[in-house]
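Subject: Structure handover

Hello,

Here is the structure we spoke about, for you to take over. My notes on it follow below.

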Amino acid sequence: FEEIYNDGSIQEGYILIKSGKLRYQYQDEKLFTIFFDGNNFYSVNNSNKSTINKITENVEILEEIILLAKNYPNIKSEYNKEEFLIKLEKSSSNNFYKRISIISQNIKVSIFFYNCSFENLDNRYFSFRSFLELNQWY
């Protein structure tokens, strides 16, 4: 994925989703990876994998992304929640969405998806305690 913020800044990374689990990993070593194990969100520091924090606040957008993935392909092009607005743009060349835009009081970002595929992912990629590097997969 590629996130483009309102101020023009860009972050790149990878998103993996499987059976209600999530791994949202930024490529930048100064940033982090977000995991959802089906119950809770965790943040793992990319440069120090032993730095793990449980995320309990501001998870509504992440929860909505997981819900969208669970309901795929039966999702709408727009979701207007009390705290945020999510718009989805479907790709004309494949079954994936090419862009999700998120607008809230705190953030305005477009997330573009590239080289998406349906793969049978090993559950080990969703374990924040034993952080398996993605370069072992792709």
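Are Phe 1 and Tyr 26 buried or exposed? Phe 1 is buried, and Tyr 26 is buried too, where buried means under 20% relative accessible area, exposed over 50% and partly exposed in between (1.4 Å probe, protein chains only).

Some ground rules before the rest. This is a predicted model, in which local features need pLDDT of at least 70 and side-chain atom pairs count only at pLDDT 80 or more, while totals for chains, interfaces and linings use all residues. Residues are numbered from 1 along each chain as its sequence is written, and side-chain values use heavy atoms, with hydrogens and water left out.

Sheet

An open sheet is formed by 10 strands, in the order E6-E5-E4-E3-E2-E1-E10-E9-E8-E7, with antiparallel pairing. Strands (E, at least two residues) and helices (H or I, at least four) are DSSP runs numbered from the N terminus, and two strands pair if DSSP finds at least two bridges between them. Strand E6 (52-55) and strand E7 (78-80) are the edge strands, each pairing on one side only. On average, neighbouring strands are turned by 20° against each other, direction ignored; the axes are lines fitted to C-alpha atoms, for helices over the stretch in contact, and angles run from 0 to 180 degrees between N-to-C directions.

E2 and E3 run antiparallel and are joined by 6 bridges. Ile 15 stands opposite Tyr 24 in E3.

Aromatic rings

The whole structure holds 10 aromatic pairs. Rings of Phe, Tyr and Trp (its six-membered ring) pair if their centres lie within 6.5 Å; planes under 30 degrees apart count as stacked, over 60 as edge-to-face and the rest as tilted. Phe 1 and Tyr 26 are edge-to-face, at 5.8 Å centre to centre and 80° between the planes. This pair links distant parts of the chain, 25 residues apart: Phe 1 is in the segment before E1 and Tyr 26 in strand E3. Tyr 24 and Tyr 26 are also an edge-to-face pair, with 5.6 Å between centres and 75° between planes. Tyr 24 has a relative accessible area of 5%, so it is buried; Tyr 26 counts as buried because its relative accessibility is 8%. Ring pairs join Phe 1, Tyr 24, Tyr 26 and Phe 32 into a cluster.

The largest pocket has a volume of about 850 Å³. Its lining has 27 residues, and the closest to the centre are Ile 15, Ile 17, Phe 96, Cys 116 and Ser 117. Strand E2 (10-18), helix H1 (60-71) and strand E9 (97-104) are the elements that give two or more residues to this lining. E2 gives the largest share, 6 residues. By class, the lining has 21 nonpolar, 4 polar and 2 charged residues.

On terms: a pocket is an open set of points on a 1 Å grid over the protein atoms alone, where a 1.4 Å probe fits, with protein on both sides within 12 Å along at least five of seven lines; lining residues have an atom within 4 Å of a point. Points are joined across faces, edges and corners, and a volume is the space filled by probe spheres set on them. Ala, Val, Leu, Ile, Met, Phe, Trp, Tyr, Cys and Pro count as nonpolar, Asp, Glu, Lys and Arg as charged, and the others, Gly among them, as polar.

The second largest pocket holds about 580 Å³ of space. Of its 21 lining residues, Asn 58, Ile 61, Leu 62, Ser 104 and Ile 107 lie nearest the centre. H1 gives the most to this lining, with 4 residues.

Regards
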